[in-house]
Amino acid sequence: MLTRNRLTLLMGLALAVAAVVFKTPLASSQGLTISVAYVTGELPVADPFSELWNQATAVEVPLSAQIIAKPIQPATNIKSVTTRALHNGEEIALMMEWADPTRDESVLRVEDFRDGAAVQFPLAESLPFYCMGQQGGDVNIWHWKADWQAAINARQELHDQFPNMYVDQYPFTEEGEDALTAAYTDIAYLTAQAAGNLMAADVHASPVENLVAGGFGSLTSQPLERQNVQGYGEWSDGVWRVIYSRSLASAESDDVSLAPQTVYSVAFAAWDGSNEERNGTKSTSQWVSLQLADFDAAAVSPAAEETP
């Protein structure tokens, strides 16, 4: 059986070989530290343009294509993300920004793919592989999805994309004038939804999915009651700004817990739907450091923003 250190070494060697074969430069983020500034009061969890974000130092994190697991797309579009982070002693808010000229937020057509971004934290004491972790080295992933965000803002149905579609009847639905919007008489006919599959939910409470992974092919959505990460994404003038927020502490073993004056590791990923990026076809960073500032009596509060 491979030990964790040998597995990490083999993954590193495979990554180096793949980089040579596909002529893909690897982005190095070694030495970067994201400082999580302390502020008092509520965090700007749904306001990417809040003045409070100026209290956090912006850190640009380089990304490169994932070239270990198939399908491999060496020419991913997103080369870096800019990160900022705040905490108030109870919650953390982390914002990612990146340039993207296209706003891809619908997957109703089979040929369309969504934009997305993810934050990843190691759950093991020693750092696992930065792409999805590894056996014995799980990672907690917060995955924001542009289509989930769009559905929260204004839900779209299939007939919104195909206005000329016609359906005379769906079986097992209630009688009504419009077959397209008729509700099913029993949720058992919607098998995925009846089984509690998060992907089949009519409405998502958050555009962020909370997941755990321990290597390629092991990505697992946490149960509905453990979907505790909130999010907000906004596209403006060719730039996505996505905010993740959650309580600092979590009692769940598959969740990262954070505390002030402690250094953690974090990695980032991003997808450009217009480049047909999805699943493992993405841009990723290596591990960078994340440090939460201690409580500071002189911290900026939301009320202080309005003081002339």
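**Pockets and aromatic pairs**

User: What does the lining of the largest pocket have, by class?
Analyst: There are 20 nonpolar, 6 polar and 6 charged residues in that lining. Keep in mind that this is a predicted model.

User: How much space lies in the largest pocket?
Analyst: About 1100 Å³.

User: What lies over the face of W148?
Analyst: K145, at 4.5 Å from the ring centre.

User: Next, the second largest pocket. What volume does it have?
Analyst: About 700 Å³. It is lined by 41 residues. H143, L219, W271, N279 and G280 lie nearest the centre of this second pocket.

User: Which elements give two or more residues to its lining?
Analyst: Strands β6 (116-122), β7 (139-145), β8 (208-213) and β12 (263-271). By class, the second largest pocket is lined by 20 nonpolar, 11 polar and 10 charged residues.

User: Switching to rings. How many aromatic pairs does the structure hold?
Analyst: It holds 8. Take Y38 and F295: their centres are 5.2 Å apart and their planes at 85 degrees, so that pair is edge-to-face.

User: Where do Y38 and F295 lie?
Analyst: Y38 is in strand β1 (residues 33-38), and F295 is in the loop between β14 (288-292) and α5 (302-305). The pair therefore ties together parts 257 residues apart in sequence.

User: Is Y38 buried or exposed?
Analyst: Y38 counts as buried, because its relative accessibility is 18%. F295, at 48%, counts as partly exposed.

User: What about W142 and Y244?
Analyst: That pair is tilted, with 6.5 Å centre to centre and 40 degrees between the planes. W142 lies in β7 and Y244 in β11, so the pair ties together parts 102 residues apart in sequence. Both residues are buried.

User: Which residues do ring pairs link into a cluster?
Analyst: W98, W144 and W240.

User: Last one. Where is A249 found?
Analyst: In the loop between β11 (239-247) and β12. A249 counts as exposed, because its relative accessibility is 57%.

User: What is A249 in contact with?
Analyst: Leaving aside neighbours within four places in sequence, S257 and L258.

Conventions. Residues are numbered from 1 along each chain as its sequence is written. This is a predicted model: local features need pLDDT of at least 70, side-chain atom pairs count only at pLDDT 80 or more; totals for chains, interfaces and linings use all residues. Side-chain values use heavy atoms; hydrogens and water are left out. On a 1 Å grid over the protein atoms alone, a cavity is a set of points where a 1.4 Å probe fits but cannot get out, and a pocket is an open set with protein on both sides within 12 Å along at least five of seven lines; lining residues have an atom within 4 Å of a point. Grid points are joined across faces, edges and corners, and a volume is the space filled by probe spheres set on the points. Ala, Val, Leu, Ile, Met, Phe, Trp, Tyr, Cys and Pro count as nonpolar, Asp, Glu, Lys and Arg as charged, and the others, Gly among them, as polar. Helices (H or I, at least four residues) and strands (E, at least two) are DSSP runs, numbered from the N terminus. Buried means under 20% relative accessible area, exposed over 50%, partly exposed in between (1.4 Å probe, protein chains only). Contact means heavy atoms within 4.5 Å. Rings of Phe, Tyr and Trp (its six-membered ring) pair if their centres lie within 6.5 Å; planes under 30 degrees apart count as stacked, over 60 as edge-to-face and the rest as tilted. A charge sits over a ring if NZ of Lys or CZ of Arg is within 6 Å of the ring centre and within 35 degrees of the ring normal.
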